[in-house]
Every structure is written in structure tokens, then in C-alpha cells.
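Hi there,

Here is the structure I promised to pass on. Have a look at it first, and then read my notes below.

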Amino acid sequence: MSAMVVAGETVIGGGEVEWAACECCGLREECTPAYIDGVRARHGGRWVCGLCSEAVKDEICRAGRLISPEEALTRHAIFREAFRSAGPPPDPAAHLIAAVRHIVRRGLESPRAPRSTPASPRRRPSQGGGTTALSRSGSCFSALAR
């Protein structure tokens, strides 16, 4: 698809491109009016960016019960605002070290799966050629001890 600029507007395949701002996070994207209408139809009249749309789908899956896309969008907006207002930690390096320590401790405290022995046999049967796998018949130490 070719794009050309006509009097300051970008035209792609004959359709105009508009700026749309996400009503959840404020991200602005260039979209065709048809795409904007489709997103608004899926999200109760609101235009949301692709990232927020995925977060809304995740909220619906994690809810444990059937919730509407509108409720999922509201939950995502509340979570995003709480995360945004929390601000960065006072000491980012100490915060990172504490997070890594937590991950390592959780990994050390989790039960480990028992180690299994290899399932493959030591000898493989011949495969039609009449040859067999080599095996050790005895120790070489008895010959050296003489």
C-alpha cells in the first residue's frame, strides 16, 4: 500500500488517517477512521490503544467470573492510575536488589522435581543391518596386573 501526503494529510490507499488518543493511558496513534470505529465498537464507545486493549482482555480472563468489557476497562484504568500515582521507588537500586532477592528465595524454597535417569537404553537393538552396539566384555585391569 502506498502512502502520499496531500495538503498536510496522509492518504493511505485512499483513506484519511487521524490521530486517536487512548482514553485510558493517553497514547496517541495514527489510525484510519474505520479502525477507530471498530475499536470503539469493541470497547463501549471508547478508543483504547492496543496495549490497553490487551490488558482489558487479560482482566476479563483473570476475573474468575464473567465481567463486561466496560468493567474490565474500568478495572484496568484503576490499576493503571494506582501504579502511576505510586511513583518510582525512593532507591531504585535497593528496590531492584530486593526484588531479585525475593525471586531467588522463592526459587530456592520451592519443591524441586526429583531428578530422573535417562529413559534411553544403553544398548540399542540392531536396525536391520545386522550390526550390534559395542559393549564392554571385561575389565582391562586384569591384563595389566600380570
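This is a predicted model: local features need pLDDT of at least 70, side-chain atom pairs count only at pLDDT 80 or more; totals for chains, interfaces and linings use all residues.

One term before anything else: a helix here is a DSSP run of H or I with at least four residues, and helices are numbered from the N terminus.

First, the overall layout. The protein has 5 helices and 5 strands, and along the sequence they come in the order β-β-β-β-β-α-α-α-α-α. There are 146 residues, of which 14% count as buried. If you take the contacts between residues at least 6 apart in sequence, 24% of them join residues at least 24 apart.

Helix α2 covers residues 50–62 and helix α3 covers residues 69–86. They pack at an angle of about 110°, and their axes are 8 Å apart. Angles from 65 to 115 degrees count as roughly perpendicular, and α2 and α3 are therefore roughly perpendicular to each other. Their crossing is right-handed.

Which residues meet there? On the α2 side they are C52, A55, V56, E59 and I60, and on the α3 side P69, A72, L73, R75 and H76. Sorted by type, the residues of this contact come out as 7 nonpolar, 1 polar and 2 charged.

Is it buried or exposed? H76 has a relative accessible area of 10%, and since buried means under 20%, H76 is buried. Leaving out neighbours within four places in sequence, H76 is in contact with C24, C52, A55, V56 and E59.

A77 also sits in helix α3. Its relative accessibility is 29%, so A77 counts as partly exposed. A77 and V56 are 21 residues apart in sequence, with 9.2 Å between their C-alpha atoms.

Over in helix α2 you will find R62. With a relative accessible area of 57%, R62 is exposed, because exposed means over 50%. R62 and A72 are 10 residues apart along the chain, and their C-alpha atoms are separated by 9.8 Å.

On to the largest nonpolar core, which has 14 residues. Which of them touch the most other members? They are C22, I36, W47, V48, C49 and C52. Helices α1 (33–42), α2 and α3 each supply at least two residues of this core. Taking C22 by itself, and not counting residues up to four places away in sequence, C22 touches L27, W47, V48, C49 and C52.

Finally, have a look at A20, which lies in strand β4 (residues 18–21). What is its relative accessible area? The value is 6%, so A20 is buried. Setting aside residues up to four places away in sequence, A20 touches L27, R28, E29, I36 and W47. W47 is 27 residues from A20 in sequence, while the two are 7.3 Å apart in space, C-alpha to C-alpha. Note that L27 and W47 turn up among the contacts of A20 and also among those of C22.

Cheers

Notes: Residues are numbered from 1 along each chain as its sequence is written. Side-chain values use heavy atoms; hydrogens and water are left out. Axes are lines fitted to C-alpha atoms, for helices over the stretch in contact, and angles run from 0 to 180 degrees between N-to-C directions. Angles under 35 degrees count as roughly parallel, over 145 as roughly antiparallel, 65 to 115 as roughly perpendicular and the rest as oblique. A crossing is left-handed if the near helix is turned anticlockwise from the far one by less than a right angle, and right-handed if clockwise. Contact means heavy atoms within 4.5 Å. Ala, Val, Leu, Ile, Met, Phe, Trp, Tyr, Cys and Pro count as nonpolar, Asp, Glu, Lys and Arg as charged, and the others, Gly among them, as polar. A nonpolar core is a set of buried Ala, Val, Leu, Ile, Met, Phe, Trp, Tyr and Cys residues joined through side-chain atoms within 4.5 Å. Buried means under 20% relative accessible area, exposed over 50%, partly exposed in between (1.4 Å probe, protein chains only).
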